Amino acid sequence: MTRHILVLTAGLSQPSSTRMLADQIAQATAAQIGARGEDAQIEVIELRELAVELATTMATGGIPTPRLSEVKEKISAADGLIAVTPVFTASYSGLFKMLFDSLDTNALNGMPVIIAATAGSARHSLVLDHALRPLFSYLRATVVPTGVFAATEDFGSSEAGHDLTSRVQRAATEFAALVVAEKSGVGGFVPNINDQRKRDSGVQLSQSVTPFAQLLKGRTGSAG
C-alpha cells in the first residue's frame, strides 16, 4: 500500500535550512514506512510559493484561490503531515500561520503529524512545545511525541549533526507507526477513529446545501 505524505516547509530563502530539515525528515520517514512493508509517496509544498495566494485569501475574507483550494484538499487527503517552519519572534512564521488559519477546523482530524522548526540558536527549541504542538492539538491532529528542532550549529558540527539525526530517526519511527497503523477497530470493540473524526478540507460545498436553482424554483412556485 502506498501512503501519501505531505511535507509543508515555510522556509523563505533558497536553499534554506528549513527545507534541508524537511528533506531529512522526509527521507527518514520514507525509510521507516518502507521498513514496515509499505511505500511512501512524498510531496513537498513550499509555502513561500503560496505567499500571494494566502495573502489574497486573507484579504478577501477567507475565500481561497483555486491554487490554495487544491493545496487544502491535498492536506486533508494526506496520510500524514510533516510541518517545518523557521522561528520568527519566538514562534512559527506568519506564512506558516496563515496557511493553518485558512484550513477548516476538521481538516486535520486524527492525522499523524511531525512538527519541526529551525532557528539560529538552540534557545528557540521550546517553540515546538509552546507554539507548534498547541496549534496542531487545536486542529485535533495526532502529533508524534518527538518534535525536531535544528539550530544553525546542527548543520555544521559532526556531533550536533549526529544528535539531530537521532531526533529525526526517532520522530520518523513514531510517525511511520501511526501512518501504517490499522484504521479500524478490532472485533467491533474499538470504535473506528475515522468514523468519529472525518476530515473536511472545507473546499467542497456540503451535499446538504440546496442548489440555487432549486431555491429559485421554490420561490417562484410559492409566488404563484
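Are F100 and F136 buried or exposed? Both residues are buried, where buried means under 20% relative accessible area, exposed over 50% and partly exposed in between (1.4 Å probe, protein chains only). The model is a predicted one, in which local features need pLDDT of at least 70 and side-chain atom pairs count only at pLDDT 80 or more, while totals for chains, interfaces and linings use all residues. Residues are numbered from 1 along each chain as its sequence is written, and side-chain values use heavy atoms, with hydrogens and water left out.

On to the aromatic rings. Rings of Phe, Tyr and Trp (its six-membered ring) pair if their centres lie within 6.5 Å; planes under 30 degrees apart count as stacked, over 60 as edge-to-face and the rest as tilted. That rule gives 4 aromatic pairs. One of them joins F96 and F136, and it is edge-to-face because the planes stand at 70 degrees, with the ring centres 6.4 Å apart. F96 belongs to helix α4 and F136 to helix α5, so this pair ties together parts that are 40 residues apart in sequence. Helices (H or I, at least four residues) and strands (E, at least two) are DSSP runs, numbered from the N terminus. F96 is buried at 0% relative accessibility, and F136 is buried with a relative accessible area of 0%. F100 and F136 also make an edge-to-face pair, at 5.0 Å centre to centre and 75 degrees between the planes. Y92, F96, F100 and F136 form one aromatic cluster.

Next, the nonpolar packing. A nonpolar core is a set of buried Ala, Val, Leu, Ile, Met, Phe, Trp, Tyr and Cys residues joined through side-chain atoms within 4.5 Å. The largest one has 38 residues, and those touching the most other members are L8, L47, L81, F96, F100, L108 and F136. At least two residues each come from β1, α3, β3, α4 (94-102), β5, α5 (127-138) and β7 (148-151). The largest share, 6 residues, is supplied by α5. Another core, of 23 residues, lies apart from this one and has A22, I25, A28 and V168 among its members.

Strand β3 (residues 80-88) is largely enclosed by the rest of the structure, because 8 of its 9 residues are buried. Two strands pair if DSSP finds at least two bridges between them. β3 runs parallel to strand β1 (residues 2-9), with 5 bridges, and L8 has A83 of β3 as its bridge partner. β3 also runs parallel to strand β5 (residues 112-119), with 6 bridges; here P86 stands opposite T118. With strand β4 (residues 91-92) the pairing is antiparallel, over 2 bridges, and F88 faces S91. The β3-β4 hairpin has 2 residues between the strands, and T89 takes a positive phi near 50 degrees in it.

T65 sits between α2 (51-59) and α3 (66-77) and is buried, with a relative accessible area of 13%. R48, in the loop between β2 (39-46) and α2, is partly exposed at 24% relative accessibility. The side chain of R48 makes a polar contact of 3.1 Å with that of Q14.

Methods:
A polar contact is a pair of N or O atoms within 3.5 Å; within protein, one must be able to donate a hydrogen and the other to accept it, and residues adjacent in sequence count only if both atoms are side-chain atoms.
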